[in-house]
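Please walk through the structure shown here.

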Amino acid sequence: MKKRNIVIIVTSLLVPAILLTIGLISVKDENPVTLTLWHNYGGQLKEKMDVMIEEFNGTIGAKEGVIISVTSISGSATLHEKLTMAANQDPGAPTLPDITTAYPKTALILEEKELLVDLENLFTEKELSAYIPRFIEEGRLSKEKLCVFPTAKSTEVLFINQTIFDRLAEATGASLEDLQTFEGIMKTAALYYEWTDNQTPEIKNDGKTFFVSDSLFNYTLIGCRQLKSDFMKDDAFHFSDPIVRKVWESYFNPATKGQYAIFDGYSADLAKTGDIVCSTGSTAGVSFYSPTVTYSDNTTEPAEMTILPYPVFVDGDKVAVQRGAGMCIIKSDKKKEKLAGLFLKWFTSPEVNLRFVSSTGYLPVTEAAYGDIMQEEINHISDPNVKKLLEVSRVMQTEYDYYISPLFDGIDELMDSYNTHLKTLADASKKTYLSLLDTQEAELAFNIIIESKYDEFTSYFK
Amino acid sequence: MNKLQHMLLHRINKSGMPSISMRLRLFLFLLVLVLTMISGIIVILLVSGIFTAGLSESSQIIKSELEHSSQEISNQFGQLSLQAVEFSEELSKQFEDTLNHMNLTIDKLSTNPDKLEELISEVYDLTYYSLEKADCSGAFIILNTTVNPALSNAEFSRAGLYLKNMEPNIISSSAPNMTVLRGFPSIGRENTIGLHAQWSMEFDITEADYYTIPQKEALHNRRLSMSRLYYWSDPLILPDTSEEVMLCSVPILDSSHNLYGVCGFEVSAMLFKLSHMPYNHTFSRMFCMLSPLQEDMVDINRSLFAGSYSVKDLVEEVTSLKVVPDGKSFTTYGIENKNIYLGYHSTIQLYPNDSPYADETWVSAVLVPKDDIVNSITRVNLILASLLTLLFTLGIIISIVFSNKYLKPISEGIEIIKSTAPGNAPKTNVQEIDDLINFLSIYKNELNRKVEEDKYQLTVLEQFAEKTKILSPAERSVFNLYVQGLNAKEIADRMFLSINTIKTHNKRIYSKLNVASREELLLYINMLKEIGRDLS
């Protein structure tokens, strides 16, 4: 047989075989990769997150063969507990997801067990340069490894129930401008207490609380930074610093007098029932504030909200805390990790990111998102509160320095301990103060109470 | 080329047929063998059902998933029904005692908001622990009263308590993430649990079947025990909330059959998803659903889903799926040719037979988009087809190589045979061919020898014929008559000579032709005749 014939026969058989194989490969695998996602965007944020994920699944996800499946939505504290349980493989703990939102403190625990993907391997240097550097820096944990990717950050602002405040202003001449400083808030809180106390002359000392801070630790930490001092040194509280005492007293004193709320929960809860007028809290908390205030007889009234930049101590620098979880990718296989990276890229691309933050109160993570796109987005936002919030965040982005909470082993316990002890002591002081008021003048009663309280408080941590 | 080769070529050419080389013949034989074997494999695959194995395997996967899910759903919903009844009985007793102690009736509570708050606060612990104990995401109590009847919406506002577990899927959480979704804020604050982001003080009972239906049935069926009066709502989103939930509500009745309201448990869409998500690696778009079945239709909007795939996306713009059972294989779920799913369903008995809602049929179904199953089977069969084609190609290549290898010694043998000295040729190491070469070598020698002999005989006869030319005319005449076959006497008669004269001629002829006798002479004549030589 001639060689030519052999070549013809073999080719004519090999070609269909190869074509078949190509056909086999080209038959699209209709079984896409499923990536599980845990996030802490609950409540109304959940709806927005659902819409975002559906959009991803229907567009990029469908094209690239990946489905994002949310398997847990919980508050950040629960998420932290759940991730820790899963990382430790505690009995009854769920399996770790492929992507999770996590605060650096949670990510640190996961990273200690080498469960996190180095996100720098999934992003090019050019891609990373589009993000706000301090957001990226916050996510760099051990050995310069980028473990937490900024997806939606937050800071703290001042939420004000304008409806109640207007009544106060009308009756007492209180000014909204006063709320720009913590000293002004203290002054207004005293005014509010007196005004509300006077509304029921038959009951003495039943004035209402005016202000609360969602995190007393952050309140002290940032207050000290504003006054150019450090609340924490060498992984411990720096109580001997007079600035620390000044900031501590700026909460403790009005709390003892019943002007600031002592509350073990989110300020939004108190705002819902009209038990406070203003509060400092995360921008992401905006959706937790109800548009109405419900009173104890179930009557409700609309509550207009005003948002101001984070207050500053007089003569202090404009400093606010940088908060917000990022997203981590849990180690699995290269394909899943790459697809998870694809989701993060999509989710943080300026337009998509701004769409998410514009209805949730989070802050976008790319420089580009703070530009013209943000103004465009602000013009189209229907929720007036989010609109106000974005405008404030834009001002803060240019005028404020953001401070990242220190991160070390045990910081969580220290923060909890600080918050709990401060509240417990303030609550006890308040009760003693109120009981002393029956027999003593207010100023004297207060001085009796306050004298040794700072030392008593700091002794917990010795 | 020798005479033999000529003869062989002559014979081959004489056949007149187009010649097919042995190599081609062998290749074709091997090809037939390969084709027979592949056909055999295909027959075996067909008979053993390998080509359709994907279908039955998929069917088996879905069936076992359904069996598992149905069991789990039955258990969860059955347990919750029982626990809701138990919860209602305990609440009824506690409410009755408290109200008696307060000397109030349920309808008088609205004018005593403090007492109402106290009444609800007292059952907080029971609600909390009932919720913690049950495999559910929330527990609620809705009382037939409101804190403020003067409000414009008081007709549709009901006091109560709704605790929601935000993380019902954590088994061993040290602190369950409870929130107050509905109820007095003081209850949450006293017990250090937060208000839900979508908190309201009271329930909005506009279009609240879970509130009205169980109470209506309790009034109509006074003889039925509580265990027959629980009611499962359709999946719904409560007013001013965002999550889809399914509620099991039971009327709260005192010992005199006075209705206080309803209570029960919630299964959120997230809890259902996390509890009943199919764990399957073959079909990642497999999902499980709990749906009411009415006239062979399952209503998407009244279903709970569990699956990693965003099922609501999958069923975009479709509100219900028609169920078309196939006795042999999958049941089809879809509308016309769009959004077709394959799978199975089984009935979930949510209610006992004597329940007022016993005629409702609920099913749990495990479905997979049809395309996924078809693709899966097509892929398997394409792999098989591809492998068979590759096997066939390999067979062809092997046939070519084998026929070449096999024919190589034969070709070499023929070359050797063609050569002049096959006897001295190297061995081919193929016994038969070497034997043939030996045989042909011997045959060739023999042939040569015979040719030599023939040559010699020819020379003697030629000399004999030449000598006849020196015969005298008389002797020639006698010789010619011998050639004609006459004997001596006949020749004497023909020539009118005496026999002695003939004998004399004979002697001279014998002498000249160098033969010894008349027999030898006749032999020569005959031999010359045989080779066609004319002697006349």
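In what order do the four strands of the open sheet in chain A lie? The order is 6-9-5-12, and the pairing is mixed. Keep in mind that this is a predicted model.

From one strand to the next, the twist averages 25 degrees.

Now look at how strand 12 of chain A is held in the order. Its pairing with strand 5 (residues 156-161) of chain A is antiparallel and runs over four bridges.

Move to chain B and its helices. Two packed helices are described by the angle between their axes and the distance between the axes. For helix 12 (residues 473-483) and helix 14 (residues 499-513) of chain B, the angle is about 95 degrees and the axes are 10 Å apart. Helix 12 of chain B is therefore roughly perpendicular to helix 14 of chain B.

Which residues meet in this contact? Helix 12 of chain B brings B:A474, B:E475, B:V478 and B:F479. Helix 14 of chain B brings B:I502, B:H505, B:R508 and B:I509. By class, the contact of these two helices has five nonpolar, one polar and two charged residues.

Finally, step back to the whole of chain B. Its domain assignment gives domain 1 (55-375) and domain 2 (431-530). Taken over C-alpha atoms, the centres of these domains of chain B are separated by 131 Å.

Terms used
Residues are numbered from 1 along each chain as its sequence is written. Chains are lettered from A and ligands numbered from 1 in the order in which they are written. This is a predicted model: local features need pLDDT of at least 70, side-chain atom pairs count only at pLDDT 80 or more; totals for chains, interfaces and linings use all residues. Two strands pair if DSSP finds at least two bridges between them. Helices (H or I, at least four residues) and strands (E, at least two) are DSSP runs, numbered from the N terminus. Axes are lines fitted to C-alpha atoms, for helices over the stretch in contact, and angles run from 0 to 180 degrees between N-to-C directions. Angles under 35 degrees count as roughly parallel, over 145 as roughly antiparallel, 65 to 115 as roughly perpendicular and the rest as oblique. Two residues are in contact if their C-beta atoms, placed from the backbone, lie within 7 Å. Ala, Val, Leu, Ile, Met, Phe, Trp, Tyr, Cys and Pro count as nonpolar, Asp, Glu, Lys and Arg as charged, and the others, Gly among them, as polar. Domain bounds come from an automatic or database domain assignment.
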